[in-house]
Amino acid sequence: MNKKTPQPSTPRVALYPGTFDPMTNGHLDIIRRAMKLCDKLFIGVAINRDKGPLFSLEERTEMVRHAISDIDSKCEVEVVPFEGLLIHFVETLGASMIVRGLRAVSDFEFEFQMVGMNRKLNPNVETVFLMSDAQNQAIASRLVKEIARLGGDVSPFVTPSVKARLENKYK
């Protein structure tokens, strides 16, 4: 019988990119589930000037770091800001997987196009879609900001610290 020498396994490195303006419970759900799929997860906080974020890059990065600080996992997690082409950032990190959350069919249509373009740019990078948990499907950062701006209760959609930040922004 021929025994093979075990080869060291390559760590599975993934990137979950987003604007996180603000970080929601839906984002947290995707992060927790993505951590089960990889050895190292980068959470990329995007600089997206076209979206005109409510929170600065520093505030959004801090919100993400605070929200994930108590998650217990064997997966190493690092929160990093980025700007530019997503596939270039993936390559810089040495990641082989992009994690994306889907809430609805409309999300899929846009993401499907992005996957096709990313595969053309780098066929070695896979995109993994995680469907939002049913309780998080309606949560969108845009809607959370609108509810907060109009004085509504956002506590079902965000962590207490994010709720406090939103209330402070809209005082």
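Contact here means heavy atoms within 4.5 Å. The model is predicted. By that criterion, and leaving aside neighbours within four places in sequence, Met23 is in contact with Leu28, Ile31, Met63, Val64, Ala67, Ile68, Val158 and Val162.

Met23 belongs to the largest nonpolar core, which has 32 residues. Met23, Ile31, Leu41, Ile43, Ile68 and Val99 have the most contacts inside this core. Two or more residues come from each of β1 (13-18), α1 (25-34), β2 (40-46), α2, β4 (97-102), α5 (141-149) and α6. Helix α2 gives the most, with five residues. A second, separate core holds 14 residues, including Val13, Val80, Phe89 and Ala95. In soluble globular proteins, nonpolar side chains tend to be buried together.

Strand β1 was examined next. Six of its six residues are buried, so β1 is largely enclosed by the rest of the structure. Val13, Leu15 and Pro17 point one way from the strand. Ala14, Tyr16 and Gly18 point the other way. In a regular strand the side chains alternate between the two faces of the sheet. β1 pairs with β2 in the parallel sense, over six bridges. Within β2, Ile43 stands opposite Tyr16.

Two helices also meet. The axes of α2 (residues 57-68) and α6 (residues 160-169) come within 10 Å and cross at roughly 155°. Angles over 145 degrees count as roughly antiparallel, so α2 is roughly antiparallel to α6. From α2, Glu59, Glu62, Met63 and His66 take part in the contact. They meet Ser161, Val162, Arg165 and Lys169 of α6. The residues of this contact divide into two nonpolar, two polar and four charged.

Terms used
Residues are numbered from 1 along each chain as its sequence is written. This is a predicted model: local features need pLDDT of at least 70, side-chain atom pairs count only at pLDDT 80 or more; totals for chains, interfaces and linings use all residues. Side-chain values use heavy atoms; hydrogens and water are left out. Axes are lines fitted to C-alpha atoms, for helices over the stretch in contact, and angles run from 0 to 180 degrees between N-to-C directions. Helices (H or I, at least four residues) and strands (E, at least two) are DSSP runs, numbered from the N terminus. Angles under 35 degrees count as roughly parallel, over 145 as roughly antiparallel, 65 to 115 as roughly perpendicular and the rest as oblique. Ala, Val, Leu, Ile, Met, Phe, Trp, Tyr, Cys and Pro count as nonpolar, Asp, Glu, Lys and Arg as charged, and the others, Gly among them, as polar. A nonpolar core is a set of buried Ala, Val, Leu, Ile, Met, Phe, Trp, Tyr and Cys residues joined through side-chain atoms within 4.5 Å. Buried means under 20% relative accessible area, exposed over 50%, partly exposed in between (1.4 Å probe, protein chains only). Two strands pair if DSSP finds at least two bridges between them.
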